[in-house]
Every structure is written in structure tokens, then in C-alpha cells.
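Student: I have just opened this structure and would like a friendly tour. Could we take it step by step?

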Amino acid sequence: MSGRTVLITGPTSGIGRATAIALAAAGARLVLAVRDTDKGAALAEELGGKHVVRALDLSDLASVRRFAQGTPEPIDTLVNNAGVASSTLQRTSDGFELQLGTNHLGHFLLTSLLLPQIKARVVTVASQAERASRLDLEDLNWQCREFRGGRAYADSKLANLLFTAELDRRLRTAGSPVQAMAAHPGLVVTAIYDDPQRRRRSVWDRLLSLAGQQPDQGALPVLLAITGDLPDAAFTGPRHLMHMRGGAQAIARSTRAKDPELARRLWTASEQLTGHGAAPVPTATAQ
């Protein structure tokens, strides 16, 4: 990774932090996109080298636009890592359901704005939770349905995979050298499961205590998606325990996540919600 610039969202804790540490150790220059710039500065100092800290709040589209405007340099790889989970209905500053708005729409807009500058890969951290999704394109923001936090989180993760698939299709159509990848870190002990609003413990809480792995292990599929020799639109995840822990390899995704029409429709809806149309796709001659 020496000489390469990697932009990573949410790098100050959990899987993002473990990924950032590994990339810096491999010689990458990092652009740390963080909500808390003090924490970002502390991480940059810990990592050493010529890393850059910039403020980004994915739940605020105005913040995403400011960040993109303040990021003029070429980016080898964009890692859409940051994510939230919530058991209660919360909304972003733009009125979107918090999990879809942050995990998908914020990263959708960020990628769209930065795409002309990206040289190698876009890696989006998804999850096998996508298999529990029942994505409703007519009610993406849970304005009509009774809210279910776990289902909304799964929807956002399916959106991550559909976004990766449609981005890959557009890149291939344009003859671009840029690849779109997705990664499932497995069952990892991170702060994303710390939800004080929850009144009942879930099956995931019990599994986490029994089978949860540490962030440095959860980062392995992400690192494989960043650096591995993989086919276009690959989805990486752990090797063992139904892809919940240990090692990293390419894994399968649900039938819905492979639906090209659903991916196209979500892309169109995302453009409408973010107010941003298709960005110019990098081509081989532009690199």
C-alpha cells in the first residue's frame, strides 16, 4: 500500500480503526473521515506518517458535500466503513431514517461526489444481515410502516450491496478500471451493538458473547476487499461459522442482493433523495 491514498469513514473505533491501523502499517496514506476531529487527530498521531483528518457527518448531506469539496486530491481506494444501528426510529438532519440515511445514503452521496477522483476501488462495509431485509422502495424512510429497528438495519445493509452491484455495473459499462467491492466483517464486538434504547436483549447479544470476534479479525474481510485479487463486485466475509468469524474469503449474497432491477431502482431513488445525479465515471484514459 506504499504510496497509495485510502479514504476511510468511521476510522476511530471498531472495524474502521483496525482497518486504518493495518493500512497505515502497510504504508498507506490515510484520509480519516470522522465526526469527532479530536479523536481523528489522536488516531493520526498514533499512526504517524502524513495522514489527514477531515470532518464528516454522514447523517448530514450538507456535511458530506462540504467534505467532498474539501477533498481535492486523488484517492486510490474509498472505504465506506462507518455505520450506525438503532432499535428506535430516529431521523437524520435531512429527515431520513437514521440507518438508511447514514449507512447507505450518506455513503451513496460521498461516493458519487468523489468518484471522478477514485483510481482503484470503492469498498463498502455491508453485512449478512442483508438476508433479513424486506426493502420497501415505496417507504424507504419508514413513514408508513410500523418501525422495526433490526429490519431497518438489514435494509441499510441490503442497500449497501445493491449499491455496490449497480456501481459495478456502471463502472463496467464505462470501461472503468475502478472496482466496486463489499465486505461483511462477521460477528464483531464493536460499539455498534451498544444501544441504550433497547429494552430487550436480542439473539445477537447472546451470539456476540459466545462467538463474537475482535475488530482486528473483523477487519480481515475488509482488507481482502481493499487489496485482494478479486472479481468485480466481490463480497468478502469470514471463512468459518457460517461466515461469522475467522479469516476472509469471497462469499455469496442473497438473491435480492443480486437483483439488477432492484439495484437500479434503489440507485434512482437514492439520486432523488440525495438530490445528486450520476457522477462522471472514471475511465481508463482518465487515470
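Tutor: Gladly, and let us begin with a definition: rings of Phe, Tyr and Trp (its six-membered ring) pair if their centres lie within 6.5 Å. Planes under 30 degrees apart count as stacked, and those over 60 as edge-to-face. Please keep in mind that this is a predicted model.

Student: Which residues do ring pairs link into a cluster?

Tutor: A search of the whole structure finds four aromatic pairs. One of them joins phenylalanine 163 and tryptophan 267, with 5.7 Å from centre to centre. Ring pairs gather three residues into a cluster: Phe108, Phe163 and Trp267.

Student: Is the pair of phenylalanine 163 and tryptophan 267 stacked or edge-to-face?

Tutor: Here the angle between the planes decides, and planes under 30 degrees apart count as stacked. For phenylalanine 163 and tryptophan 267 the angle is 15°, so the pair is stacked.

Student: How many residues apart in sequence are the parts that this pair ties together?

Tutor: Both partners are buried: phenylalanine 163 has 4% relative accessibility, and tryptophan 267 has 7%. Phenylalanine 163 lies in helix H5 (residues 149-173), while tryptophan 267 lies in helix H8 (residues 260-274). The pair therefore ties together parts whose separation in sequence is 104 residues.

Student: What about tryptophan 142 and phenylalanine 147: is that aromatic pair stacked or edge-to-face?

Tutor: Tryptophan 142 is buried at a relative accessible area of 5%, and phenylalanine 147 is buried at 17%. Their ring centres are 5.4 Å apart, with 75° between the planes. Planes over 60 degrees apart count as edge-to-face, so this pair is edge-to-face.

Student: Which residue lies over the face of tryptophan 142?

Tutor: Tryptophan 142 has a ring partner in phenylalanine 147. Over the face of tryptophan 142, at 3.6 Å from the ring centre, lies arginine 145.

Student: Let us step back to the whole protein. What share of the 287 residues is buried?

Tutor: The protein has eight helices and eight strands. Among contacts with a separation of 6 or more, 72% are between residues 24 or more positions apart. Of the 287 residues, the buried share is 54%.

Student: Which residue in E2 stands opposite leucine 7?

Tutor: E1 and strand E2 (residues 29-34) run parallel and are joined by five bridges. Leucine 7 has as its opposite residue in E2 valine 31.

Student: What is the bridge partner of valine 6 in E4?

Tutor: Strand E4 (residues 75-80) also pairs with E1, in the parallel sense and over three bridges. The bridge partner of valine 6 there is threonine 77.

Student: Which element gives the largest share of the largest nonpolar core?

Tutor: That core has 44 residues, and those with the most contacts inside it are Leu7, Phe67, Leu110, Ile118 and Leu167. Elements that give two or more residues to the core include E2, E4, H5 and H8. The largest share, seven residues, comes from H5.

Student: How many residues does the second, separate core have?

Tutor: Its members include Ala18, Ala24, Val34 and Ala219. The size of this second, separate core is 27 residues.

Student: One last stop: is serine 133 buried or exposed?

Tutor: Serine 133 is found in the loop between E5 and H5. It touches Arg151, Ala154, Asp155, Leu158 and Arg256, not counting residues up to four places away in sequence. Buried means under 20% relative accessible area, and serine 133 has 0%, so serine 133 is buried.

Methods:
Residues numbered from 1 in each chain as written. Predicted model: local features only at pLDDT ≥ 70, side-chain atom pairs only at ≥ 80, totals over all residues. Heavy atoms only, no water. Pairing = 2+ DSSP bridges. Helix = DSSP H or I, 4+ residues; strand = E, 2+ residues; numbered from the N terminus. Buried < 20%, exposed > 50% of the residue type's maximum accessible area, 1.4 Å probe, protein only. Lys NZ or Arg CZ within 6 Å of the ring centre and 35° of its normal. Core = buried A, V, L, I, M, F, W, Y, C linked by side-chain atoms within 4.5 Å. Contact = heavy atoms within 4.5 Å.
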